[in-house]
Amino acid sequence: MEPIILTENLKKVYHVGKVDVPALRGVDLLVHEGEFVAIVGPSGCGKSTLLHILGGLTSPTSGKVLVDGNDFSKMTDADRTRFRRHKIGFVFQRFNLLPTLTARNNIEIAQHIQGNGYNPHRFEAVVEMLGIKDKLDYKPYALSGGEQQRVAIARAVICEPKILLADEPTGNLDTENSQVVLNMLRTLNRNFRQTIVMITHNPEAAAVADRTIRMRDGYILPD
Ligand SMILES: Nc1ncnc2c1ncn2[C@@H]1O[C@H](COP(=O)(O)OP(=O)(O)OP(=O)(O)O)[C@@H](O)[C@H]1O
Ligand SMILES: [Mg+2]
């Protein structure tokens, strides 16, 4: 298995006024292509910060980040943005769908933004797998939370990202919908060999992953 994510001694300090807030204190992380990894740990331990750095949304203060062989520190902001658009899919706790667009348009817009245009085969395969085929003409307000999150996942993976980064994807869902969404992530990982890094507070959610990484106070705990 090829490593797809590698970080070395990754540190992040936020500056709030005159106060330094260390969020990551030296994180060494290795994720292989095709892995489904869960990241767990108490609130404030740096999980989202790590995920945002892996997705190129936030720059680290120091340390190395290699994603699919690309060293973020050697890329310009424009290169990193392009990289993010083509290689990374994001799913968040809040579904972040555009409220005036139908489910179909919410998913298709991702393909347009990426610039590769509409790929009907990929679209069919993804909506079929996520079980949202009969919901495509609905706007978000007419969808349940679980359905909205499935549309958000479809949007995140429609462009075949190398990595899917999910920050508490079941955080706003009840038990039943959480289970459905987790099963879909599992299937996505199995059927499409989708690499997934998922943050969660929920032990049941972590259990669907291949491996759980525990964080505490800006560190990854040893296994
Ligand atoms: N933009 C920011 N500016 C300043 N401090 C921040 C910022 N983002 C995060 N922090 C701080 O960095 C630390 C880690 O935050 P982070 O959001 O990564 O934690 P988390 O593990 O995702 O927590 P949660 O489980 O509550 O989402 C916290 O102390 C937080 O207050
Ligand atoms: Mg967080």
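**Loops, strands, helices and charges**

Modeller: Gly-115 counts as exposed, with a relative accessibility of 57%. Bear in mind that this is a predicted model.

Colleague: Where is Gly-115 found?

Modeller: Its relative accessibility of 57% puts Gly-115 in the exposed class. The C-alpha atom of Gly-115 is separated by 9.5 Å from that of Arg-85, 30 residues apart along the chain. As for its place in the chain, Gly-115 is in the loop between helix 3 (103-114) and helix 4.

Colleague: In the open sheet of 4 strands, what is the order?

Modeller: Strand 1 (residues 3-16) pairs with strand 2 (residues 19-32) in the antiparallel sense over 11 bridges. Strand 1 also pairs with strand 4 (residues 62-67), again antiparallel, over 5 bridges. The edge strands, each pairing on one side only, are strand 2 and strand 5 (70-71). With antiparallel pairing, the order is 2-1-4-5.

Colleague: Which residue in strand 4 is the bridge partner of Lys-11?

Modeller: Strands 1 and 4 pair in the antiparallel sense. Within strand 4, Lys-64 stands opposite Glu-8. The bridge partner of Lys-11 is Ser-62.

Colleague: Which residue in the turn of the hairpin has a positive phi?

Modeller: The hairpin is formed by strand 1 and strand 2, with 2 residues between them. Val-16 stands opposite Val-19 of strand 2. The turn residue with a positive phi, about 60°, is Gly-17.

Colleague: How many residues of helix 1 are buried?

Modeller: Helix 1 spans residues 47-54 and is mostly covered. Among its buried residues are Leu-50, Leu-51, Ile-53 and Leu-54, and Lys-47 is another. Gly-56, with a positive phi near 75°, follows the helix. Of the 8 residues in helix 1, the number buried is 6.

Colleague: How many residues of the contact of helix 4 with helix 6 are nonpolar?

Modeller: Helix 4 contributes Arg-122, Ala-125, Val-126 and Met-129, while helix 6 brings Met-184, Thr-187, Leu-188 and Phe-192. One residue of the contact is polar and 1 is charged; the nonpolar number 6.

Colleague: How many residues apart are Arg-186 and Asp-210 in sequence?

Modeller: The side chains of Arg-186 and Asp-210 meet in a salt bridge, 3.2 Å from N to O. Arg-186 lies in helix 6 and Asp-210 in the loop between helix 7 (203-207) and strand 9 (211-216), so the pair ties together parts of the chain whose separation in residues is 24.

Colleague: Which residues do salt bridges that share partners join into one network?

Modeller: The structure holds 12 salt bridges. One of them links Lys-87 in helix 2 (residues 77-87) to Asp-68, at 3.1 Å from N to O. Through shared partners, the network consists of Glu-33, Asp-68, Lys-87 and Lys-162.

How values were computed. Residues are numbered from 1 along each chain as its sequence is written. Chains are lettered from A and ligands numbered from 1 in the order in which they are written. This is a predicted model: local features need pLDDT of at least 70, side-chain atom pairs count only at pLDDT 80 or more; totals for chains, interfaces and linings use all residues. Side-chain values use heavy atoms; hydrogens and water are left out. Contact means heavy atoms within 4.5 Å. Ala, Val, Leu, Ile, Met, Phe, Trp, Tyr, Cys and Pro count as nonpolar, Asp, Glu, Lys and Arg as charged, and the others, Gly among them, as polar. Two strands pair if DSSP finds at least two bridges between them. Buried means under 20% relative accessible area, exposed over 50%, partly exposed in between (1.4 Å probe, protein chains only). A salt bridge is a side-chain nitrogen of Lys or Arg within 4 Å of a carboxyl oxygen of Asp or Glu.
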